[in-house]
Amino acid sequence: MSFWDFFEGLHTLFTQQWDTSLVRVLLIFVGFLLIYLGYRQTLEPLLMIPMGIGIVAVNAGVLYFEAKEAAAGNLFVAPLISDPIELMKYLQLDFLQPVYNFTFSNGLIACLVFMGIGAITDIDYLIAKPWMSMMLAAGAELGTIATLPIAVASGLTPKEAASVALVGGADGPVVLFGSIRLAPQIFVPLSVVAYVYLSLCYACYPYMIKGLVPKSKRGIKMDLKDIPKISPGEKFAFATIACGVLSLLFPMGAPLFASFFVGVAVKEARINRYVELLSGPVLYGSTFFLGFTLGALLSADIIMNSTVAKLLGLGMLALFLSGVGGLAAGMIWMKFSKKPFNPLVGIAGVSCVPTTAKVAQKCAFESNKLAMITPYAMGPNVAGVITTAILGSIYVGIVPEFFK
Amino acid sequence: MVVARSVEFAFIAYGLLLGIALVVAAMIKLIYWAVHRGSKTQPGEDKGA
């Protein structure tokens with residue numbers, strides 16, 4: 001027994017191929033960076049701290065199984081196992097394997113997050129301004145639409161292209177849901193890219209807004225008295241009917257629609273114990289395991305996939321185009337609106353609830369201290385969740401058949 | 001070939017999305033109309049038990 005046998009993590013670092021070792025060290029630094037940025041609240045701490053710790057631990061804790069000549073691995077999770085006998089072995093060996101197999105690969109964790117989002121989402125402004133909300137949200141799906149052919153042109157398969165295009169919807173659970181069904185081979189890097197980029201929305205969108213919208217337009221004051229009050233009964237009726245209609249139209253997306261609208265329905269039916277359950281333990285429990293497991297999935301062998309670099313570029317392009325689409329839709333709506341309309345409301349259609357609505361308000365406030373647009377921005381923000389889920393269902397349901 | 005087909009798909013998907021978005025918006029308006037039809041209550045007011 002040599003000295004190195006006592007410290008297998010270090011041993012594997014020196015005995016693996018040099019490029020694998022280098023990527024492991026880089027990923028450990030990336031993990032520390034995410035933890036730091038999460039701690040400083042520059043990025044979303046709810047996700048980044050567990051994700052960063054997962055990345056650090058999984059890339060540091062590499063060991064050899066059984067014999068020295070066997071492949072190196074970790075005791076966290078093995079996502080690419082498909083053989084049932086092999087899977088049973090890993091379910092007993094890797095501590096996050098049950099979480100991955102029983103909540104990730106069937107989309108359960110995405111649905112749990114959606115239930116929690118539904119239970120904390122206020123749909124008042126969507127109901128009060130349905131045409132404006134839905135049209136602006138549709139405009140802000142430009143990245144989700146336009147990235148698909150661009151990704152195909154860059155060499156990805158249509159299913160992979162559809163998965164990466166969904167990043168443009170800026171809705172993490174839909175990216176998880178879509179990629180696990182369409183392209184499980186890129187699910188891990190794509191999900192990590194999506195969640196890191198969603199955090200970056202908050203940091204990058206203000207610069208895009210300032211670059212594309214003149215200051216005079218950014219500071220337009222809107223009339224808040226124009227928004228009618230909506231009763232819980234109306235919101236409850238909408239949630240239940242929309243769930244039925246959308247599930248009828250897109251059965252592939254029915255789990256997502258059911259999860260989101262059941263959250264909205266229990267909130268509007270004032271079933272407070274369910275609301276507490278969904279908005280507390282379910283939402284935060286699933287967000288924690290989502291971040292931690294995604295981090296633990298990001299080992300060197302996964303990131304060394306040649307398509308990862310493409311995913312990084314295409315994911316960013318998708319979010320950029322969605323932001324541009326939202327602002328363009330806002331400008332068009334402003335042109336045709338009879339009342340004063342702030343075009344920044346359009347970027348809230350990128351459905352990163354409530355981040356993009358907050359970004360829009362922050363930028364409006366910087367231009368005019370009296371410009372209060374949050375209530376208007378929440379309409380397209382919530383509508384964006386619905387349009388992204390619709391597009392996710394269209395991609396999951398139609399892409400495999402269309403490109404057969 | 002596959003790129004041209006993906007462009008075609010993008011147009012179909014966007015058209016479908018716009019259509020469904022309009023249906024959802026119309027559905028909301030319909031619910032609003034149904035709730036307040038013949039009612040003297042103001043929008044936002046519950047009729048109560």
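This is a predicted model: local features need pLDDT of at least 70, side-chain atom pairs count only at pLDDT 80 or more; totals for chains, interfaces and linings use all residues.
Let me start with a cut-off: a residue is called buried if 20 or more other C-beta atoms lie within 10 Å of its own. Where does A:Asp94 sit? In the loop of chain A between helix H4, residues 84-93, and helix H5, residues 97-104. Leaving out residues up to four places away in sequence, A:Asp94 touches A:Leu75, A:Phe76, A:Val77 and A:Ala78.

Is A:Gln361 buried or exposed? Buried, because 23 other C-beta atoms lie within 10 Å. Setting aside neighbours within four places in sequence, A:Gln361 is in contact with A:Ile373, A:Thr374 and A:Ala377. For A:Thr374, the C-alpha to C-alpha distance to A:Gln361 is 5.7 Å, at a separation of 13 residues in sequence.

Now to chain B. Chain B has 1 helix and 0 strands, and 22% of its 49 residues are buried. That helix, H1 of chain B, runs over residues 2-36. The 35 residues of H1(B) reach 50 Å from first C-alpha to last, close to the 51 Å expected at 1.5 Å a residue. Which residues of H1(B) are buried? Among them are B:Phe9, B:Leu17, B:Ile20, B:Val24, B:Ile28 and B:Tyr32.

And what do those buried residues pack against? In chain A, they meet helices H7, H8, H9, H10, H14 and H20. Counting the contact between the chains as a whole, 26 residues come from chain B and 35 residues from chain A. By class, the chain B side has 20 nonpolar, 2 polar and 4 charged residues.

One of those partners, H14 of chain A, is worth a look from its own side. H14(A) has 18 residues and reaches 26 Å from its first C-alpha to its last, close to the 26 Å expected at 1.5 Å a residue. Its buried residues include A:Glu234 and A:Lys235, and also A:Phe236, A:Phe238 and A:Leu246. The cover over the buried residues of H14(A) includes H7, H15 and H20 of chain A, together with H1 of chain B.

Next, two helix pairs within chain A. Two packed helices are described by the angle between their axes and the distance between the axes. Take H2(A) and H3(A): their axes are 8 Å apart, at an angle of about 160°. That makes H2(A) and H3(A) roughly antiparallel to each other, because angles over 145 degrees count that way. Their crossing is left-handed. On the H2(A) side, the contact includes A:Leu27, A:Phe32 and A:Tyr39, and on the H3(A) side it includes A:Met48, A:Ile53 and A:Asn59. By class, this contact has 16 nonpolar, 4 polar and 1 charged residues.

The second pair is H6(A), residues 108-120, with H15(A), residues 254-268. Here the axes come within 7 Å and cross at roughly 30°, and H6(A) and H15(A) are therefore roughly parallel to each other. This crossing is right-handed. Residues that meet include A:Cys111, A:Phe114 and A:Met115 in H6(A), and A:Leu256, A:Phe260 and A:Lys267 in H15(A). The residues of this contact divide into 12 nonpolar, 4 polar and 1 charged.

Last stop: backbone torsions. Most residues other than glycine have a negative phi. A:Gln41 is not a glycine, yet has a positive phi of about 65°. A:Gln41 is placed in the loop between H2 and H3 of chain A, and counts as exposed because it has 9 C-beta neighbours inside 10 Å. A:Arg270 also has a positive phi, of about 60°, and is not a glycine either. A:Arg270 is found in the loop between H15 and H16 of chain A, and with 10 other C-beta atoms within 10 Å, A:Arg270 is exposed.

Methods:
Residues are numbered from 1 along each chain as its sequence is written. Chains are lettered from A and ligands numbered from 1 in the order in which they are written. Helices (H or I, at least four residues) and strands (E, at least two) are DSSP runs, numbered from the N terminus. A residue is buried if 20 or more other C-beta atoms lie within 10 Å of its own, exposed if 12 or fewer, and partly exposed in between; C-beta atoms are placed from the backbone. Two residues are in contact if their C-beta atoms, placed from the backbone, lie within 7 Å. Ala, Val, Leu, Ile, Met, Phe, Trp, Tyr, Cys and Pro count as nonpolar, Asp, Glu, Lys and Arg as charged, and the others, Gly among them, as polar. Axes are lines fitted to C-alpha atoms, for helices over the stretch in contact, and angles run from 0 to 180 degrees between N-to-C directions. Angles under 35 degrees count as roughly parallel, over 145 as roughly antiparallel, 65 to 115 as roughly perpendicular and the rest as oblique. A crossing is left-handed if the near helix is turned anticlockwise from the far one by less than a right angle, and right-handed if clockwise. The expected span of a helix is 1.5 Å times one less than its number of residues.
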